[in-house]
Amino acid sequence: MKQKVAVLGPGSWGTALAKVLAENGHDVRIWGNNPAQIDEINTYHTNRHYLPDLKIPDSILGCKDLKEAIDGADAVLFVVPTKAMRIVAKEFSKIVTGAPVIIHASKGLEQDSHKRISEILAEEIPEENRQGIVVLSGPSHAEEVAVHDITTITAASDNEELAKYVQKLFMNEYLRIYTNTDVIGVEMGAALKNIIAIGAGALHGLSYGDDAKAAIMTRGLAEISRLGVAMGANPLTFIGLSGVGDLIVTCTSVHSRNWRAGNLLGKGHNLDEVLENMGMIVEGVATTKAAKELSEKMEVQMPITQTIYSVLYEGKDVRQACTDLMLRAGTFENEFTL
């Protein structure tokens, strides 16, 4: 059944998902706060800053006005940076009528509060103005989804029927959606893998090889699982798409902003230079701070996260940080608390 969907955030992932929805026959509007970008989408059907080679379906309407974008929408997809999520949700709640399905496809933790994105949306959007909240997440690059590369991701909600609704909304011959009820696990896996990807990129920048890559991904997954389970997640989620799957794709690809940022750090650039060079949000930088603070509060040991924090926020030398991490006291691999 044809649905009207508003996509809030015309970045690379928002644009790619809008394209999926349009190709699936839905009525799609995409909203952003950069008028020139919206004009480009409507006039040239391109979004050159984020996806320079992509042709956007003519049926997608770019909107400068948020009310125009969400008016009559059956579903609203939030794909804005974590730091903007609460701001956009507040604006949305002021003007929304009806109760659309709320979906988000962003990955991060809010600074200071350390809250997951679904928690932010639940706080800011009144219950009478939403059917429920669904998290759309998993191993995916916008650049590959946009050209119909085979991709599998997860729709997670405590309401199974809404997860199935989102599954039907997005699924097609190149994008397969699985449902899940573990919202905490899916969101934590999505957020924390960005931290490990910075570390994986840094190892590459330092010219370390595959052994080092395997080490940081495996032990990184252990850290992600420890914190996620402490927050109430199902441990099995972390061996699924939004756990090990998302970790693999983010830690091994030049498409990953977090990997590219880490690679530059490993090559000797400082954080300010790296962020200026990227030209886009690197979610893992802010998430590292939030996760470090959260892990200390919950007394969960996350040595890799602590080490990456020391590089990003305390100016520690990257190679020395690796050495110090390796020379920690020996522990038992399967001891969940270590």
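## Two domains

The C-alpha centres of domain 1 and domain 2 are 26 Å apart. Domain 1 covers residues 4–181 and domain 2 covers residues 191–327, with bounds taken from an automatic or database domain assignment.

The model is predicted: local features need pLDDT of at least 70, side-chain atom pairs count only at pLDDT 80 or more, and totals for chains, interfaces and linings use all residues. Residues are numbered from 1 along each chain as its sequence is written, and side-chain values use heavy atoms, with hydrogens and water left out.

## Annotated regions

An unreviewed UniProt entry places "domain: Glycerol-3-phosphate dehydrogenase NAD-dependent N-terminal" at residues 4–162. UniProt positions follow the numbering used here, feature names are shortened, and annotations may be inferred rather than shown by experiment. This span is 35% helix and 21% strand, and its end C-alpha atoms lie 16 Å apart. Helices (H or I, at least four residues) and strands (E, at least two) are DSSP runs, numbered from the N terminus.

The feature "domain: Glycerol-3-phosphate dehydrogenase NAD-dependent C-terminal", also from an unreviewed UniProt entry, is recorded at residues 182–322. Here the chain is 75% helix and 0% strand, with 33 Å between the end C-alpha atoms.

## The interface between the domains

In domain 1, 25 residues are in contact with 26 residues of domain 2, contact meaning heavy atoms within 4.5 Å. Between them the domains bury about 2,000 Å², 60% of it on carbon and sulfur atoms; buried area is the accessible area (1.4 Å probe) that two parts lose on being put together, summed over both.

Seven residue pairs, both members at pLDDT 80 or more, are in polar contact between domain 1 and domain 2. A polar contact is a pair of N or O atoms within 3.5 Å; within protein, one must be able to donate a hydrogen and the other to accept it, and residues adjacent in sequence count only if both atoms are side-chain atoms. On the side of domain 1 that touches domain 2, helix H4 (82–95), helix H6 (142–145), strand S7 (151–156) and strand S8 (175–180) each supply at least two residues. S7 gives the most, with 3 residues.

## Salt bridges

The structure holds 18 salt bridges, each a side-chain nitrogen of Lys or Arg within 4 Å of a carboxyl oxygen of Asp or Glu. One of them joins Glu-124 and Arg-86, with the closest N and O atoms 2.7 Å apart. Because Glu-124 lies in helix H5 (residues 117–124) and Arg-86 in helix H4, the pair ties together parts that are 38 residues apart in sequence.
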